[in-house]
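Visitor: I would like a close look at a single part of this protein. Could you pick a charged pair and walk me through its surroundings?

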Amino acid sequence: MATLKFRGSDPIGFDNVNLTGNDVSALFKVGSRVYDIYDNCYMYVKNAHTAALAAGNAVTVNLASANNTESAIEVIGPTTATLNLFAGIAMGAITAAYYGWIQVEGWNKETIATAGAVVAGSSLKCANGVFTMATDQVIGTESTYQATAISTAALAGAGNLTAGQVYIKSILA
């Protein structure tokens, strides 16, 4: 298990955080953040999607939820309405209506699937209707999406960006 920390005081019970946990009920306050030794940031969320998430899935903030506040974040798979609301990357499988951790900032720790070719230095966005990332803009072109991820590797076609090849900066960071 990775060594994790909180900024500020260490709340009781957070020393044994399992970033790949799949919790039927909230074991931590939804919206809680932890940081690893490299300052990568992770957030505890509820999967409000109708399907389970897999490790490495890209997720967005659930616009349909009245529960979304700083302390009650719900995530879903990307839709046309939520492409600009990139929340992060699932750290493990999270069953529908269960709780788990997503990475919201830092160098990716999970393999991220892509919907097509990627040029190194490209900004990435969520792909519509699937849990993958797609090229938003190539290097040197301004991103059309606020919250994004940047690829440091190239792919000739759809495939996987492995750990350490994407810098994540979601709207929840």
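Guide: Happy to. Let us start with Lys-169 and Glu-105, whose side chains meet in a salt bridge with an N to O distance of 3.0 Å. Please keep in mind that this is a predicted model. The pair links distant parts of the chain: Lys-169 sits in strand 13 (residues 166-169) and Glu-105 in strand 7, 64 residues apart. By the rule used here, the count of salt bridges comes to one. As background, side chains of opposite charge can pair when their charged atoms come close.

Lys-169 has a relative accessible area of 40%, so it counts as partly exposed. Glu-105 has a relative accessible area of 19%, and because the cut-off for buried is under 20%, Glu-105 counts as buried.

Asn-40 is found in the loop between strand 2 (33-36) and strand 3, and with a relative accessible area of 3% it is buried. Asn-40 and Lys-109 are 69 residues apart in sequence, while their C-alpha atoms are 8.9 Å apart in space.

The largest nonpolar core has 17 residues, and Met-43, Leu-53, Val-75, Ala-87, Ile-102 and Leu-172 touch the most other members. Strand 7 (99-107) is one of the elements giving two or more residues to this core, along with strand 3 (41-47), strand 4 (58-61) and strand 6 (86-90). Strand 3 provides the largest share, three residues. In soluble globular proteins, nonpolar side chains tend to be buried together.

The protein chain has 13 strands and zero helices, and 46% of its 173 residues count as buried. Among contacts with a separation of 6 or more, 64% are between residues 24 or more positions apart.

Key
Residues are numbered from 1 along each chain as its sequence is written. This is a predicted model: local features need pLDDT of at least 70, side-chain atom pairs count only at pLDDT 80 or more; totals for chains, interfaces and linings use all residues. Side-chain values use heavy atoms; hydrogens and water are left out. Helices (H or I, at least four residues) and strands (E, at least two) are DSSP runs, numbered from the N terminus. Buried means under 20% relative accessible area, exposed over 50%, partly exposed in between (1.4 Å probe, protein chains only). Contact means heavy atoms within 4.5 Å. A nonpolar core is a set of buried Ala, Val, Leu, Ile, Met, Phe, Trp, Tyr and Cys residues joined through side-chain atoms within 4.5 Å. A salt bridge is a side-chain nitrogen of Lys or Arg within 4 Å of a carboxyl oxygen of Asp or Glu.
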